[in-house]
Amino acid sequence: MRKLCFCGSVLALVLITSQLFAYDLYSAGGSSGGGTPFPEPYKTITNEATALIPQDTLALDRIGSPAFAVGDTVEISLSGGATFADTNYVFEPSIGGAGIGDLTWATLQTVSPAGKPSITFILKETTLSLPPPFSRTISADTFILSGNAFAGQPVNINLPQVDGLDVYITFTVRDLGGTLKGSVQHLLFDSTLPPTPSESDYKGAIRNILSANLRAIASQSPNLSGLMTGQGFGNSNVSDLINGYIPIPEELLANLTEESLLSLPFYVGIKSGQGSFAASMSQFNDEPTNANFWVKGRWQYTNDKRGGNEGDSDFGLLMVGADYRYSLDTLFGVLAQYDFYESSATGLSAEGKGWGWMMGPYFVTRIDDSLILDVRIAWGRSDNEINVSNKGWDSFDGERWQVEANLTGDMTYGEWYVAPRLGFSYIEEEQKAFTSSKRLTATNKTVGAQTVSLGNLSFGPEISRSWNISEEATMRSFVAAVGLWEYDAPDIIHIDGRSINTEKLRARAEIGSELTFNDDSSVYVKYAFDGIGLSGYEAHSVEVSARRPINVGFLPNNSYASLRYNVCDAGTSTGNIKYEFDF
């Protein structure tokens, strides 16, 4: 790869030591005879088996002192597993801009050079009688390499056929006593293919993709307190249901409050980049029951540019729950969830996709009239696929578990309503060890196991106040702040191997108003700022929505249609429209 050129140049400078550029590579004429410098790299390669260097192209030239002398040895070596392919080699002196054809000045010391990574010549006096100005001692400044028993022939190289592996050629000159006189190294063949991923490359890519998926799962809290308040499953007002579609006997209704009603609305939402739905089946019963079945789902698109790895992901989650109300203030249930994802991280040239499930118990209880506690724990597995550096897909399994607890306030002070929330979540997934079928050149194709975990605390209240602005309309204004502290967050692994720490505290602030009319239609406006506490990141969004009752015979009472428009600016502006039906 081209990125190795600088390293090669540094290595060459180290080997040259005090004789800076004493030797270099030229074409046949050399530096003093009209030759041209050897290009670097000479050629780009992909997965070829062999490569050819034309005749009179590869020559070692003495630019400064020390001069070539009798008894010097010249070692020519190839890196990266490349070998010489010809059965014989000659080192022809060049004087006056051309080879002189005398092959007795340099003798090949390497027996059977074909298939070997290096060859060595020794310089001698010529055995020929030469006319002036030639001398029988070494008087040439340039020697030309040829791949045959006679001069003027091309040089053939066997390539290692390893993706991303460059091939360097090094000429090293030593005197009769073995002392280093100088050395030069050039990038001969530059591989244009991405390198075969190492185990650490695989684990870094898997860690980034699983981290993004765990964040998506952790952010989709089922908001189990909504099983008490009705919030979070369509945001309908529970009191609307009491005198609405759900039949409740008068004697039971007299003892029920908003806080103890167990039925929930049906909700469907669709918008660009995100969608969700929720429903509680108990509302379709003809008779009240302590048993409840509910379903909730969501999908979303995420873009994350932290750490220099631009990652895109699509994520979907389906939750199904069944619970039994032990008392008006406590219920127990079981929740099962199915999730799927598809993501890419361009910084690591990785793609991932997979699906997983978790299942476990939960309970929700009203600690007092204004405080609700919900706790759940779940365990499950996942099936995943990953494609690193576009080498093809490998499969691996995962095992995961999650624990979550939330305290949610439900408090009214005159015309003020306060809903504080404190949440704890911890989720962990172990990637099982697997054997990669795509690391073809690796000696050990096993990718070891690793564990990715994410723990966070969320906190913040929503405060609102309502007042009548006329006989036909009521205004509710609110302000909310949500803080998030990821006390245990997986690092983002950068392409260069660095770990980008993401354990930071951030916050989101919201402000808005809702205008509700006597016919229960409403208009809602909200502004939000996200990124408080994060340098280099901020997001602004404005949401406007309108909601109106639907009075159609086949629909239940208190059915609504709503239209929302949302625009967000987080470096780039995005807008979406959301259509909803709320039954």
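Biologist: What percentage of the residues of the protein chain count as buried?

Modeller: Of the 583 residues, 44% count as buried; the term means under 20% relative accessible area, while exposed means over 50% and partly exposed lies in between, with a 1.4 Å probe and protein chains only. Please keep in mind that this is a predicted model, where local features need pLDDT of at least 70 and side-chain atom pairs count only at pLDDT 80 or more, though totals for chains, interfaces and linings use all residues. Residues are numbered from 1 along each chain as its sequence is written, and side-chain values use heavy atoms, leaving out hydrogens and water.

Biologist: How many helices and strands are there in the protein chain?

Modeller: There are five helices and 37 strands. Both are DSSP runs numbered from the N terminus: helices are H or I with at least four residues, strands are E with at least two.

Biologist: Why is Lys181 called buried?

Modeller: Its relative accessibility is 12%, and the cut-off is under 20%, so Lys181 counts as buried. Lys181 is found in strand S14 (residues 180-191).

Biologist: What makes the pair of Lys181 and Asp72 a polar contact?

Modeller: Their side chains come to 2.7 Å. A polar contact is a pair of N or O atoms within 3.5 Å; within protein, one must be able to donate a hydrogen and the other to accept it, and residues adjacent in sequence count only if both atoms are side-chain atoms. The side chains of Lys181 and Asp72 therefore qualify.

Biologist: And why is Asn88 called partly exposed?

Modeller: Asn88 has a relative accessible area of 29%, so it falls between the 20% and 50% limits. Asn88 lies in the loop between strand S6 (83-84) and strand S7 (90-95). Leaving aside neighbours within four places in sequence, Asn88 is in contact (heavy atoms within 4.5 Å) with Leu108, Pro113, Ser146, Gly147, Asn148 and Ala149.

Biologist: How do you know that strand S25 and S28 pair?

Modeller: Two strands pair if DSSP finds at least two bridges between them. Eleven bridges join S25 (residues 421-431) to S28, and the two run antiparallel, so they pair. Gln431 has Gln450 in S28 as its bridge partner. S28 is also joined to strand S30 (residues 473-488) by four bridges, again antiparallel; there, Leu457 is bridged to Trp485.

Biologist: What makes S1 and S8 edge strands?

Modeller: Five strands form an open antiparallel sheet in the order S1-S4-S11-S7-S8. Strand S1 (23-26) and strand S8 (98-99) each pair on one side only. Inside that order, three bridges join S4 (residues 59-62) to S11 (residues 142-146), with Ala59 bridged to Ile144.

Biologist: Which element gives the largest share of the nonpolar patch?

Modeller: S34 does, with three residues. The patch lies on the surface, has about 910 Å² of accessible area together, and includes Tyr413, Trp416 and Val544. Areas come from the Shrake-Rupley method with a 1.4 Å probe; for residues, only the protein chains shown count as cover.

Note on methods
Patch = residues over 30% accessible without salt bridge, like charges linked within 9 Å, V, L, I, M, F, W, Y side chains within 5 Å. Salt bridge = Lys/Arg side-chain N within 4 Å of Asp/Glu carboxyl O.
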